[in-house]
Amino acid sequence: MSTDQQPVAERGRRGPYAAGQARRQAIVDEALAVFSRTGFHGGSLREIAKRVGVTPAGLLHHFADKEELFAEVLHQRDEKVRAAAGDPAEHTLLEQATRVVAYNQTSRGLTSLYAIVSAEATDPDHPSHADFAARYRDRAAEAEEILRRGQDAGEVRADIDPAQAARLISAVMDGIQLQWLLDDSVDMVPLFEEFVGRYLHPAPDAVG
């Protein structure tokens, strides 16, 4: 008898939990739509709650405040990009960066969110200011080290400064995605590949 009753008890426990998780994800999805249009400061919890079909108090049952909700939106955005493009590793940085550009071109909402928030976060009082400053700094340091190894392997031009090149990679990616957001006839991938081929890869006669 206990064997037959156990699944019922488990389903009873999972039902409300699953519903709560689904509601929480719906809030994140609608928050993405709002924040990617208006940014953090312009994004209203009241509007997000209305889009989900809950009261503002109901929304705050799942997230303590707007900052916590916003952090979850950014976290999920990063996870989606990482899943699509992978993590940079030795000898794969430029291929990974190209995959990020390609993925961003298929996810306008996430790309718009990143562009808006990264600009907003230049304000020292923005809740993501420290996070974005560290994000750019840490990724530049990681890219610099990978580029140095690429130079040692002959896969990256020997006459560039890896520290400057690491910063330029982010600058080019951010710049072309801003142009794409303003004009979707802009194709980001060949533009980024042009930068990589002309600036970072050795000339054909210099290889081997």
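This is a predicted model: local features need pLDDT of at least 70, side-chain atom pairs count only at pLDDT 80 or more; totals for chains, interfaces and linings use all residues.

User: How many helices and strands does the protein have?

Analyst: Helices (H or I, at least four residues) and strands (E, at least two) are DSSP runs, numbered from the N terminus. Here the secondary structure consists of 9 helices and 0 strands, so the pattern along the sequence reads α-α-α-α-α-α-α-α-α.

User: What is found at the start of H4, and which residue follows H4?

Analyst: At the start, a side-chain oxygen of Asp65 comes to within 3.3 Å of the backbone nitrogen of Glu67. After H4 comes Gly86, with a positive phi near 80 degrees.

User: Which residues of H4 are buried?

Analyst: Buried means under 20% relative accessible area, exposed over 50%, and partly exposed in between (1.4 Å probe, protein chains only). The buried residues of H4 include Leu69, Phe70, Val73, Leu74, Arg77, Asp78 and Val81. Of the 208 residues in the protein, 38% are buried.

User: Is Arg198 buried or exposed?

Analyst: Arg198, in helix H9 (residues 188–200), counts as exposed because its relative accessibility is 63%. Its C-alpha atom is separated by 9.8 Å from that of Arg157, 41 residues apart along the chain.

User: Is His126 buried or exposed, and what does its side chain make a polar contact with?

Analyst: His126 lies in the loop between helix H6 (108–120) and H7, and it counts as buried because its relative accessibility is 3%. A polar contact is a pair of N or O atoms within 3.5 Å; within protein, one must be able to donate a hydrogen and the other to accept it, and residues adjacent in sequence count only if both atoms are side-chain atoms. The side chain of His126 makes such a contact with the side chain of Glu120, at 3.2 Å. Contact in general means heavy atoms within 4.5 Å. Leaving aside neighbours within four places in sequence, His126 is in contact with residues including Phe40, His41 and Phe70.

User: Which residues line the largest cavity, and which lie nearest the centre of the largest pocket?

Analyst: On a 1 Å grid over the protein atoms alone, a cavity is a set of points where a 1.4 Å probe fits but cannot get out, whereas a pocket is an open set with protein on both sides within 12 Å along at least five of seven lines; lining residues have an atom within 4 Å of a point. The largest cavity is lined by Val28, Asp29, Leu32, Val73, Gln76, Arg77, Lys80 and Leu110. H4 supplies the largest share of that lining, 4 residues. The largest pocket is lined by 34 residues, with Arg77, Asp78, Tyr114, Arg135 and Arg139 nearest its centre. H4 also gives the most to the pocket lining, with 9 residues.

Definitions and conventions
Residues are numbered from 1 along each chain as its sequence is written. Side-chain values use heavy atoms; hydrogens and water are left out.
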